[in-house]
Amino acid sequence: MTFIDRVTAFFASIFASILAFFSALFVRRSRAPPIDLEAKIIDISPDPTPQPTPHGSPRLLSAAEVFDSVGPAYEDAFQGLPTQAAAIDWLVDELDKTHPRGGARIVDVGCGTGRPACSVLADAGHDVLGIDISEAMLRAARERVPNARFELMDVRAFLEREKNNAGTYDAVTIFFSLIAGVTQADIREIHAGLARLLKPGGFMVFSTVPLPVENESIKWMGRPLVVSSLSPEDAVASVSAAGLDIIYQGVTQFLPRASEAGICKPDEVWEEPHLFVYARKA
Ligand SMILES: *[C@@H]1O[C@H](CO)[C@@H](O)[C@H](O)[C@H]1NC(C)=O
């Protein structure tokens with residue numbers, strides 16, 4: 001082999017490794033996409049059944065309608081999600097250093113049933129507010145997590161209400177709640193707004209399904225809705241641009257047990273990529 005051959009072979013092998021890595025991440029998805037970008041077939045279970053529009057195309061559900069129809073069984077579908085448990089444990093440990101007697105002020109955006117996030121943080125003695133757009137989720141949350149407070153509220157309305165409370169929160173958690181009914185610009189603005197609410201040294205834990213999509217009509221767990229999200233790099237950049245230092249970032253895959261939880265049929269569930277970001281305000 002000439003020197004040039006060796007150099008070429010060296011770079012070819014690096015290129016092949018990189019390709020293999022990204023293939024592992026994306027090829028399976030392109031064969032069995034986790035989201036149905038066509039959203040043509042309407043098959044909703046359980047109710048409500050969407051009304052066809054006058055043009056015969058499916059009526060997309062609002063984020064609140066989707067989560068009301070999924071209901072508290074959402075918690076069963078994601079029960080034991082190890083990356084979420086690890087993120088909450090990490091936050092509890094960090095807050096234990098700054099608030100050894102509890103009392104940290106925390107908001108959980110898109111709290112769902114209040115479990116596990118609000119529940120674990122409130123049990124650690126902190127002052128936890130959960131906000132969500134789904135009445136059905138909040139009914140479950142108030143019952144299941146009596147030691148946290150819950151309010152029916154969109155995060156944008158929350159930021160408007162709290163605009164004079166910059167620098168007063170110790171932590172913000174966002175578990176998979178900036179996807180439905182937001183645009184990519186909204187996600188970035190919400191990161192920035194929530195970061196402003198944090199005290200210096202305050203924490204943000206953010207997780208999402210990190211796909212580069214804007215206003216995509218998809219079917220998620222059998223329900224047609226519009227979603228936006230960011231690629232892993234852009235999502236981390238958005239948290240960073242909000243003025244936070246990135247402490248951890250990681251992408252994993254998870255197959256929600258949604259059909260076992262009675263939310264949808266087995267062929268309406270796909271393995272999802274999950275991004276978790278832990279960040280701290282300087
Ligand atoms: C996405 O939808 C919003 C309205 O909800 C609109 O303002 C925005 O321009 C749309 N983005 C694209 C890329 O079409």
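The chain holds nine helices and nine strands. Helices (H or I, at least four residues) and strands (E, at least two) are DSSP runs, numbered from the N terminus. The model is predicted: local features need pLDDT of at least 70, side-chain atom pairs count only at pLDDT 80 or more, and totals for chains, interfaces and linings use all residues. Residues are numbered from 1 along each chain as its sequence is written.

Of the 282 residues of the chain, 39% count as buried. A residue is buried if 20 or more other C-beta atoms lie within 10 Å of its own, exposed if 12 or fewer, and partly exposed in between, with C-beta atoms placed from the backbone. Two residues are in contact if these C-beta atoms lie within 7 Å. Among contacts in the chain with a separation of 6 or more, 70% come from residues 24 or more positions apart.

The largest nonpolar core has 75 residues. Such a core is a set of buried Ala, Val, Leu, Ile, Met, Phe, Trp, Tyr and Cys residues joined through C-beta atoms within 7 Å. Cys118, Val172, Met204 and Leu225 touch the most other members. Leaving aside neighbours within four places in sequence, Val172 is in contact with Val107, Val109, Leu194, Leu197, Leu198 and Met204.

Helix H4 spans residues 82-98. Its 17 residues reach 25 Å from first C-alpha to last, close to the 24 Å expected at 1.5 Å a residue. The expected span is 1.5 Å times one less than the number of residues. Gln84, Ala87, Ile88, Leu91 and Leu95 are the buried residues of H4. Seen down the helix axis, they fall within an arc of 95°, so they line one face of H4. The arc is that of the directions from the helix axis to the C-beta atoms. An α-helix has 3.6 residues a turn, so residues three or four places apart point the same way. Pro82, Asp93 and Lys97 are exposed on the other side of H4. The cover over the buried residues of H4 includes H5, strand S4 (169-175), strand S5 (198-208) and strand S9 (272-281).

Helix H6 covers residues 135-144, with Met137, Leu138, Ala140 and Ala141 buried. Down the axis of H6, these buried residues fall within an arc of 160°, so they line one face of the helix. Glu135 and Glu143 are exposed on the other side of H6. The buried residues of H6 pack against helix H2 (63-70), helix H5 (117-123), strand S2 (127-132) and strand S3 (149-152).
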